[in-house]
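Here's a quick tour of a protein model, taken one topic at a time. Have a look at the picture, then follow along with the notes.

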Amino acid sequence: MTGVPASAAGGSSSARRAGPRGTSGPAAEPGECTSAGTAPGRTGSGRGAGTGTGEAGRGEAGRGGTEPGTVQRGVAPGGATEGGAAGRGGKIAAAAVNQASVWNVANLLTMLRLLLVPAFVALMLGNGGYDPAWRSFAWAAFAVAMITDLFDGHLARTYNLVTDFGKIADPIADKAIMGAALICLSALGDLPWWVTAVILGRELGITVLRFVVIRYGVIPASRGGKLKTLTQGVAVGMYVLALTGPLATLRFWVMAAAVVLTVVTGLDYVKQAIVLRRRGIAERRAALKETDG
């Protein structure tokens, strides 16, 4: 039998033994290749299992298929032989993209705010801490930090720049600059220590509370909380400046309002945390009853 078409590869064994020029060779099973055919692991590429002189057959093996339920030699399950390296390369590329995404404008503003903390402290305590010129520079650094706080979160949400780094670094930067200002003011005798203790205690306490109840849900920032942050920033900024006369009296009342808002909003967050925890526990118990039932 000569000149048997390669399409008969799925037929009798004699047909599979005959090459196009009548040379004989080992039988090529579907999904395999002989020494004269293609390399192992590439039978599914459309080259086929050639025999004899090595001309590629065009039978069932040539169309890249093994029999249903069989695995090609040299081919990893679920993909081609070269797909493993491609998959690993894809993961590396994806990781590189995620790393690069950290360097966006929102995170850069957060980093700037973190860098401003030691600069603010140095300016605040410069020349004894009571020089109006140095205090003015310290106020400028504090004002820049507060302004970037208003923009970085908005930019991250608007342009989809939210990252894990930003979620962690943003609240740290907020509390770092506010805490540094309050501690410096109390250390210089411009602000009572109990005010600093109330504000910082509330901020740290609410942060811990958020992490405690995060398994049940997230406590959203309220309008009162945003007003509290704004009032605190204005009040502390006025204390950083060396004000006298009516402005010094005004800053006292602004700080008083900030302290009240700090306490009220803190209690509101505690209430929300309690409600959120109770709701989460009730939902878990209901889910357990459904599974048991």
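This is a predicted model: local features need pLDDT of at least 70, side-chain atom pairs count only at pLDDT 80 or more; totals for chains, interfaces and linings use all residues.

- Leu 150 has a relative accessible area of 61%, and the cut-off for exposed is over 50%, so Leu 150 counts as exposed.
- Asn 160 is found in the loop that links helix 4 to helix 5 (164-187).
- With 67% relative accessibility, Asn 160 is exposed too.
- Asn 160 and Ala 106 are 54 residues apart in sequence, and their C-alpha atoms are 10.0 Å apart in space.

**Helix 6, a helix with two sides**
- Helix 6 has 20 residues and spans 28 Å from first C-alpha to last, close to the 28 Å expected at 1.5 Å a residue.
- Its buried residues are Val 195, Thr 196, Ile 199, Arg 202, Glu 203 and Ile 206.
- Look down the axis of helix 6 and those buried residues fall within an arc of 145°, so they line one face of the helix.
- On the other side of helix 6, you'll find Trp 194, Ala 197, Leu 204, Val 208 and Phe 211 exposed.
- The cover over the buried residues of helix 6 includes helix 5, helix 7 and helix 8.

**Helix 8**
- Helix 8 runs over residues 246-292, and its 47 residues reach 69 Å from first C-alpha to last.
- Among its buried residues are Arg 251, Met 255, Tyr 269 and Leu 276.
- The buried residues of helix 8 pack against helix 6 (193-212) and helix 7 (223-240).

Notes: Residues are numbered from 1 along each chain as its sequence is written. Side-chain values use heavy atoms; hydrogens and water are left out. Buried means under 20% relative accessible area, exposed over 50%, partly exposed in between (1.4 Å probe, protein chains only). Helices (H or I, at least four residues) and strands (E, at least two) are DSSP runs, numbered from the N terminus. The expected span of a helix is 1.5 Å times one less than its number of residues. Contact means heavy atoms within 4.5 Å. The arc is that of the directions from the helix axis to the C-beta atoms.
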